[in-house]
Amino acid sequence: MQTVTGLYDSYDNARTAVKALEDAGVASDEISIITNKADGVDVEGQGSYGAEGAGTGAGIGAVAGGAGGLLAGLGMIAIPGVGPVVAAGWLAATAAGAIAGAVAGGAVGGIIGAMITEGIPEEDAHFYAEGIRRGGSLVAAHVEDSRVAQAQSILAASRPVDIAQRRASYVEQGWTGFDESAPPYTSEQILAERERNRAHRL
């Protein structure tokens, strides 16, 4: 199994990618989505999972496999350095566990550690965490080696960000890596970031 990933500026594009993966036969429990709550995603009535309670009770992992595919299991967690996110799937469950452990003085690494644990290279993990912090949505999927190219094509069809270009933009702004001790982006900062990204694409 390999992990394929796509970062999206729009939750709608990320949601489209998730549904396309499911339609192609990738099991819902092999897919994850984490999106910045500032994107206006509504999970009213679907549960909220704070970092302090992530290690107890049903947790994200239990609801993620419910009827209606992955997106039916969306819940909220708080990620240090990112703030509240809407998430579902194995990566969200791993992140919640890592965060809960860090809060309790056990495991460390937060969202970065969770991604690395699931096979995402550290450099990419920092980039994806920063992308979520700045208002983006991450989709990740475990797929068989023989299906990697197909899964990557599916993710690419839903208009992901250009990773090399976006990383270069971050570096131009002085970014050197994700800092979970930094304050989360405000809604105003996320809007400004999106305007900057649109200008870069033109």
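Leu91 touches Ser32, Ile34, Ala114, Met115, Glu118, Leu138 and Ala140, leaving out residues up to four places away in sequence; contact means heavy atoms within 4.5 Å. The model is predicted: local features need pLDDT of at least 70, side-chain atom pairs count only at pLDDT 80 or more, and totals for chains, interfaces and linings use all residues. Numbering runs from 1 along each chain as its sequence is written, and side-chain values use heavy atoms, without hydrogens and water.

**Nonpolar cores**
- The largest nonpolar core has 28 residues. Such a core is a set of buried Ala, Val, Leu, Ile, Met, Phe, Trp, Tyr and Cys residues joined through side-chain atoms within 4.5 Å.
- Ile34, Val85, Leu91, Ile111 and Met115 have the most contacts inside it.
- β3 (75-79), β4 (83-88), α3 (90-103), α4, α5 and β5 (137-143) each give two or more residues to this core. Helices (H or I, at least four residues) and strands (E, at least two) are DSSP runs, numbered from the N terminus.
- Another core, of 22 residues, lies apart from it and includes Tyr11, Ala141, Val143 and Ile154.

**Glu118**
- Glu118 sits in the loop between α4 (110-117) and α5 (122-133).
- Glu118 is buried (under 20% relative accessible area, 1.4 Å probe, protein chains only).
- Glu118 has no salt bridge (a side-chain nitrogen of Lys or Arg within 4 Å of a carboxyl oxygen of Asp or Glu).
- Arg147, the nearest side chain of opposite charge, is 17 Å away.
- Beyond its neighbours within four places in sequence, Glu118 contacts Thr3, Trp90, Leu91, Thr94 and His142.

How values were computed
Buried < 20%, exposed > 50% of the residue type's maximum accessible area, 1.4 Å probe, protein only. Lys, Arg positive; Asp, Glu negative; His and termini not counted.
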